[in-house]
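Please look through the structure below before reading on. The briefing covers charged pairs, disulfides and cores.

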Amino acid sequence: SPSIVISKPPSAFPTSTPSVSLSKGSMRPSIAPTPTPPSIGCYEFAAEKYAKRVTKYGNVTTSTCSKLAKLTNTKPHCSKTESGQGFLPAKLACKVTCGTCPDGCGEVDITKFFFEDEAKKTCAFLQKKRSKWSRERMTKVCNREDPNGTVPSGNVACPVTCGTCISPSISPSILISKPPSASPTLTP
């Protein structure tokens with residue numbers, strides 16, 4: 001028989017272990033995995049190496065995503081498709097820098113966000129804390145704004161970790177509703 005226990009809404013930060021709840025009148029736990037939303041966004045490691053140049057003999061010259069990000073024109077590197085010796089082309093290894101994230105949302109591990117007081121932390125720091133902190137703590141940290149407005153919030157700097165990437169399939173409608181009328185109508 002179905003459980004009469006009302007389940008909680010899905011978490012913005014799903015767990016990898018199943019949820020366990022006891023049904024009324026049952027001594028056995030009902031095990032149901034926490035639903036995992038589709039993966040949204042790209043996470044880039046600045047130290048990730050990519051195949052910068054591949055010779056006709058298969059020799060590979062590598063560079064890192066952080067060096068690529070410092071270039072004024074990344075297009076020559078991001079348009080290459082060659083890979084070799086286990087190194088991917090830049091457009092696959094450095095998706096955020098190259099702008100090749102499938103849904104257009106991504107973060108780089110070394111990007112800094114406002115943490116508290118004058119402190120800045122990186123997305124990598126936040127990613128490590130994600131499994132240790134409660135959902136409430138993550139939400140609070142991700143929403144925290146810099147009073148000076150000079151350092152982005154976690155929601156802006158680390159949208160993948162904070163869960164603020166918006167999938168194009170669930171993006172809000174561009175239709176703007178009319179404001180409510182001053183008096184209710186009598187017909188539906």
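How many salt bridges does the count come to by this rule: a side-chain nitrogen of Lys or Arg within 4 Å of a carboxyl oxygen of Asp or Glu? The count comes to one salt bridge. This is a predicted model, in which local features need pLDDT of at least 70 and side-chain atom pairs count only at pLDDT 80 or more, while totals for chains, interfaces and linings use all residues. Residues are numbered from 1 along each chain as its sequence is written, and side-chain values use heavy atoms, with hydrogens and water left out.

**Salt bridge**

- Arginine 144 and glutamate 116 meet through their side chains in a salt bridge, at 3.7 Å from N to O.
- The pair links distant parts of the chain, 28 residues apart: arginine 144 is in the loop between H6 and helix H7 (154-157), and glutamate 116 is in strand S7.
- Helices (H or I, at least four residues) and strands (E, at least two) are DSSP runs, numbered from the N terminus.
- Glutamate 116 has a relative accessible area of 35% and is partly exposed (buried means under 20%, exposed over 50%, partly exposed in between, with a 1.4 Å probe and protein chains only).

**Disulfides**

- The structure holds six disulfides (pairs of cysteine sulfur atoms within 2.5 Å).
- Cysteine 78 and cysteine 98 are joined by a disulfide, S to S 2.0 Å.
- Cysteine 78 lies in helix H2 and cysteine 98 in helix H4 (residues 95-98), so this pair ties together parts that are 20 residues apart in sequence.
- Cysteine 123 and cysteine 158 have sulfur atoms 2.1 Å apart and form a disulfide.
- The link of cysteine 123 and cysteine 158 is left-handed, with -90° about the S-S bond.
- Cysteine 142 is joined to cysteine 162 by a disulfide; the torsion about its S-S bond is about -85°, so this disulfide is left-handed.

**Nonpolar cores**

- The largest nonpolar core has 11 residues, among them Phe113, Cys123, Trp133 and Cys158 (a core is a set of buried Ala, Val, Leu, Ile, Met, Phe, Trp, Tyr and Cys residues joined through side-chain atoms within 4.5 Å).
- Strand S7 (112-116), helix H5 (123-130) and helix H6 (135-143) each supply at least two residues of this core, and the largest share, three residues, comes from H6.
- A second, separate core of eight residues includes Cys65, Leu68, Ala90 and Cys94.
- In soluble globular proteins, nonpolar side chains tend to be buried together.

**Threonine 74**

- Threonine 74 lies in the loop between helix H1 (65-69) and helix H2 (75-78).
- Threonine 74 counts as buried, at 18% relative accessibility.
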